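Hi everyone, thanks for making time for this. I'd like to walk you through one model, piece by piece, with the picture up on the screen.

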Amino acid sequence: MSIVDVIRDGNEPAQGLKPRGEQTARELLREVGAVLRMSEAEAARLGDLPVDPSEDQTMIINMGPQHPSTHGVLRLMLELQGETVLRCKPIIGYLHTGMEKTAESLTYMQGGTNVTRMDYLSPLNNELVFSLAVEKLLGIEDDIPERAVWMRMLLSELNRMSSHLLFLATNGMDIGAVSMMIYGWREREEVLRFFQKVTGLRMNHNFIRPGGVAADLPAGWRDDVLFLLDMIPPRLDEYDVLMTGQPIWRDRLQGVGVITAEEALALGATGPILRSTGVPWDLRRDMPYLRYEEMEFDVVVGGYGDAYDRYAIRLNEIRESIRIVHQILDRMPGGDVRIQNKKVTPPPRARIDESMEALIHHFKIFTEGFKVPEGEVYVAIESPRGEIGCYIASDGSPTPYRMHMRAPSFVNIQCLPHMMRGGLVADAVAVISSVDPVLGEVDR
Amino acid sequence: MSDSTSTDAPATLYGVPLTDSRGQRVLHPTRAEYLKVVKQLLSDTFTMCSDLTAVDFLTHAGRTLPDGIAPERFEVVVNLLSIERRERIRVRVQVPGDDATLPSLFDMFPGTEAMEREVYDMFGIVFTDHPDLTRILMPEDWDGFPLRKDYETGRIPVQFTADFPARPEAGAQ
């Protein structure tokens with residue numbers, strides 16, 4: 001089979017979920033058994049679950065792309081028998097804007113504006129992984145000023161908090177605790193207010209850049225962070241009262257959307273999904289970047305791999321982030337926030353008036369960009385949703401030859417068919433919510 | 001990593017050239033060795049496939065590769081992770097442009113299902129034995145593969161062509 005055949009013969013298989021009768025055992029394997037590394041025969045037997053329905057007893061319906069609980073434009077095709085979900089296929093691409101193609105025409109300095117829009121709930125983590133990859137290609141990863149490194153850590157942890165707070169809000173809303181939605185957004189807004197003070201924007205900051213960060217922290221930043229650190233913990237305790245201990249909340253989430261450690265690993269799931277199955281895998285601890293190896297914090301794990309574990313993990317990760325931010329505040333060094341390397345960092349505005357060389361560097365960096373040596377590199381960090389990785393192949397020019405983002409949501413979304421299988425359609429909403437996909441990152 | 005040799009001879013792992021890219025280990029199997037090498041890595045605790053992507057080297061043919069590996073148009077890049085040993089390894093395999101096919105890793109790493117679909121969608125590389133090789137991000141009837149280097153960027157025709165009344169000229173009242 002050549003490519004031409006696939007395109008031209010008109011038999012390109014449809015993206016959607018096909019009727020049961022047209023399904024081969026191998027496709028069924030994908031939907032049910034592959035994560036257990038089963039044979040096709042075993043998978044075909046599993047396909048009879050729960051009561052081998054004939055085709056006229058089941059119904060294929062679309063959930064999304066405009067369903068409010070699909071967190072954007074995720075479309076799920078569900079095969080239902082009554083209220084039971086037999087099969088599920090996520091269909092994505094509605095937000096695809098070719099950001100990886102766009103990245104090939106932006107210089108390394110402009111690239112931040114592009115990647116920050118992918119996972120729009122944790123933009124600073126996107127910028128961080130992109131910057132770390134570019135710095136590794138440039139070979140300057142050990143020369144980044146200390147203050148910039150610690151600022152990156154501070155912003156990354158605060159961003160983890162804001163992202164998890166938004167998860168708590170939407171998770172509450174999806175499950176019916178509507179007041180939680182208001183609380184979660186309210187607390188997140190306080191964090192975003194700090195970001196606005198530091199970066200000028202609530203989202204899409206383009207603040208962490210190759211070579212350091214865009215600017216120093218504003219005056220009074222420490223008080224603002226301390227305000228957040230004082231304000232949020234009591235609110236988290238309120239959430240515990242509102243949700244964690246509530247019998248209704250527990251009944252709604254416990255035992256829903258279960259996934260085992262083996263399945264999560266096979267599917268490549270990372271972040272809270274993998275940790276909910278009891279695998280203590282957190283890149284901040286296991287493959288430390290920045291100064292995380294000097295930080296004292298716990299990796300929160302679950303034991304059942306259900307939606308409740310994933311909720312509890314995210315709630316407690318906010319507490320761990322607060323612990324980390326306290327340590328960062330104690331140790332925040334002074335000094336430069338950008339690397340003093342004329343080839344990477346544009347000169348300050350004032351220097352341009354007095355130095356011909358500064359003017360030339362300024363002109364070169366902003367018109368052409370800085371050249372990055374040939375090579376390829378993959379850097380991964382722990383975003384709130386899991387491992388976010390950046391693969392850059394450089395041909396020595398000022399723009400990436402190829403920039404690929406390993407988006408955690410894109411991979412995690414593959415768990416959905418497995419988590420939903422045999423569950424109720426009402427639980428589908430809880431399952432989507434507990435995976436916490438950001439469609440901007442899924443579709444890129 | 002038992003059989004990686006000293007720095008004198010070219011380093012190999014499972015009989016496949018092993019190089020170092022900015023401190024990261026990269027394996028360069030041929031297409032024929034690809035499945036075998038990945039299978040060995042899987043049994044050697046690399047149980048998670050964290051990323052699978054591709055690069056189209058159409059306009060940058062002269063890149064450095066270890067001896068014995070001929071550059072081809074496409075390169076499929078697989079990032080594997082060993083949770084047990086906290087290690088990463090990268091597998092780069094050359095795929096010729098006139099026969100852009102590669103065996104699927106689906107049987108070993110079911111999580112590559114969506115990633116291989118994405119590579120097919122963006123580069124037109126066909127993964128044999130993939131259970132559902134369809135476009136994933138682009139519409140089903142899309143023409144061409146957007147991330148190929150010979151895919152034009154620029155304006156696309158706008159589909160809404162209704163005749164809107166022309167704006168009055170400034171100061172024309």
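First, the ground rules. This is a predicted model, so to speak of local features we need pLDDT of at least 70, and side-chain atom pairs count only at pLDDT 80 or more, while totals for chains, interfaces and linings use all residues. Residues are numbered from 1 along each chain as its sequence is written, and chains are lettered from A and ligands numbered from 1 in the order in which they are written.

Let's start with chain A. Its domain assignment gives domain 1 as 3–91 and domain 2 as 99–443; such bounds come from an automatic or database assignment. Between the two domains of chain A, 23 residues of domain 1 are in contact with 21 residues of domain 2. Contact here is when C-beta atoms, placed from the backbone, lie within 7 Å. On the domain 1 side, helix H2 (25–33), strand S2 (75–81) and strand S3 (84–91) of chain A each supply at least two residues, and S3(A) gives the largest share, six residues. Helices (H or I, at least four residues) and strands (E, at least two) are DSSP runs, numbered from the N terminus. That side of domain 1 divides into 13 nonpolar, five polar and five charged residues. For those classes, Ala, Val, Leu, Ile, Met, Phe, Trp, Tyr, Cys and Pro are nonpolar, Asp, Glu, Lys and Arg are charged, and the others, Gly among them, are polar.

Now, what sheet do S1, S2 and S3 of chain A form? They make an open, antiparallel sheet of three strands in the order S1-S2-S3. Strands count as paired if DSSP finds at least two bridges between them. S1 (59–63) and S3 of chain A are the edges with a single partner strand each, so one side of each has no neighbour in the sheet. The twist averages 25° from one strand to the next. S1(A) and S2(A) are joined by five bridges, and Ile61(A) has Leu78(A) in S2(A) as its bridge partner. Helix H19 (residues 425–435) of chain A packs on this sheet and touches S1, S2 and S3 of chain A, with its direction at about 150° to that of S2(A). Axes are lines fitted to C-alpha atoms, for helices over the stretch in contact, and angles run from 0 to 180 degrees between N-to-C directions.

On to the two chains together. 49 residues of chain A are in contact with 37 residues of chain B. Strand S6 (residues 375–383) of chain A gives the most to the chain A side, five residues, and that side divides into 24 nonpolar, 10 polar and 15 charged residues.

In chain B, look at strand S6 (residues 87–95): seven of its nine residues are buried, so the rest of the structure largely encloses this strand. Buried means 20 or more other C-beta atoms within 10 Å of a residue's own, exposed means 12 or fewer, and partly exposed is in between, with C-beta atoms placed from the backbone. S5 (residues 74–82) of chain B runs antiparallel to S6(B) over nine bridges, whereas S3 (residues 24–27) of chain B runs parallel to S6(B) with two bridges. S5(B) and S6(B) form a hairpin with four residues between them, and Arg86(B) in the turn has a positive phi of about 55°.

Finally, Pro280(A) is in the loop between helix H12 (272–276) and helix H13 (283–286) of chain A. With 13 C-beta neighbours inside 10 Å, Pro280(A) counts as partly exposed.
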